[in-house]
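Dear colleague,

I am passing on the structure discussed for your review. My notes on it follow below, and I would be grateful for your comments.

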Amino acid sequence: ERLAGDRRVGSILATPVEAYTPKRPYDLIWLQWVLMYIPDSEVVSFLQRCRPRLPPGAAVVVKENVENRKSGEEGLDEEELCVTRSAKHYEELFERGGYKVLRKRR
């Protein structure tokens, strides 16, 4: 709502990731605390559906909680109903979706 009147914002979409297929090109797709709520197969499927709509120079930014315990254990948070994946696991999902990681930050 706050950004609705900002002329720098083209559009904001609030729709389930599992059901979304881009209809037009996007220069940026920002995913923040979304992928942890959907299974691996849906993450890959969504990324694959977006790929044809990203022109050269476009980016997908992902901000997620990442498992950082030394054991590398991933797991389901039954209270929040989300999964915490390792950075390596996310990178494998991105690769399966047809992407390469250009930058990582903690």
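Leaving aside its neighbours within four places in sequence, with which residues is E64 in contact? The model is a predicted one, and in it E64 touches Q32, W33, V34, L35, M36 and Y90.

E64 sits in the loop that joins β2 (59-63) to β3 (66-67). Although buried, E64 takes part in no salt bridge. The nearest side chain of opposite charge belongs to R85, at a distance of 6.0 Å; E64 and R85 do not form a salt bridge because that term requires a side-chain nitrogen of Lys or Arg within 4 Å of a carboxyl oxygen of Asp or Glu.

One of the residues in contact with E64 is W33. A polar atom of the E64 side chain lies 3.4 Å from the backbone nitrogen of W33. W33 itself belongs to the loop between β1 (28-32) and α1 (40-50). Its phi angle is near 55°, a positive value in a residue that is not glycine. W33 counts as partly exposed because its relative accessibility is 39%, whereas E64 is buried.

**The chain as a whole**

The secondary structure of the protein chain consists of two helices and five strands. Along the sequence these elements follow the pattern β-α-β-β-β-β-α. Of the contacts in the chain with a separation of 6 or more, 68% are between residues 24 or more positions apart.

The chain has 106 residues, of which 26% are buried.

**Cysteines and G98**

How many disulfides does the structure hold? The number is zero. As to accessibility, C50 counts as buried because its relative value is 1%, and C82 also counts as buried, at 7% relative accessibility.

G98 is found in the segment after α2 (87-96). With a relative accessible area of 41%, G98 is partly exposed. The C-alpha atom of G98 is 7.4 Å from that of R51, although 47 residues separate the two along the chain.

For your reading of the model, I would draw attention to the pairing of E64, which is buried and without a salt bridge, with the backbone nitrogen of W33.

With kind regards

Conventions
Residues numbered from 1 in each chain as written. Predicted model: local features only at pLDDT ≥ 70, side-chain atom pairs only at ≥ 80, totals over all residues. Heavy atoms only, no water. Helix = DSSP H or I, 4+ residues; strand = E, 2+ residues; numbered from the N terminus. Buried < 20%, exposed > 50% of the residue type's maximum accessible area, 1.4 Å probe, protein only. Contact = heavy atoms within 4.5 Å. Lys, Arg positive; Asp, Glu negative; His and termini not counted. Polar contact = N/O pair within 3.5 Å; in protein donor to acceptor, adjacent residues only side chain to side chain. Disulfide = S-S within 2.5 Å.
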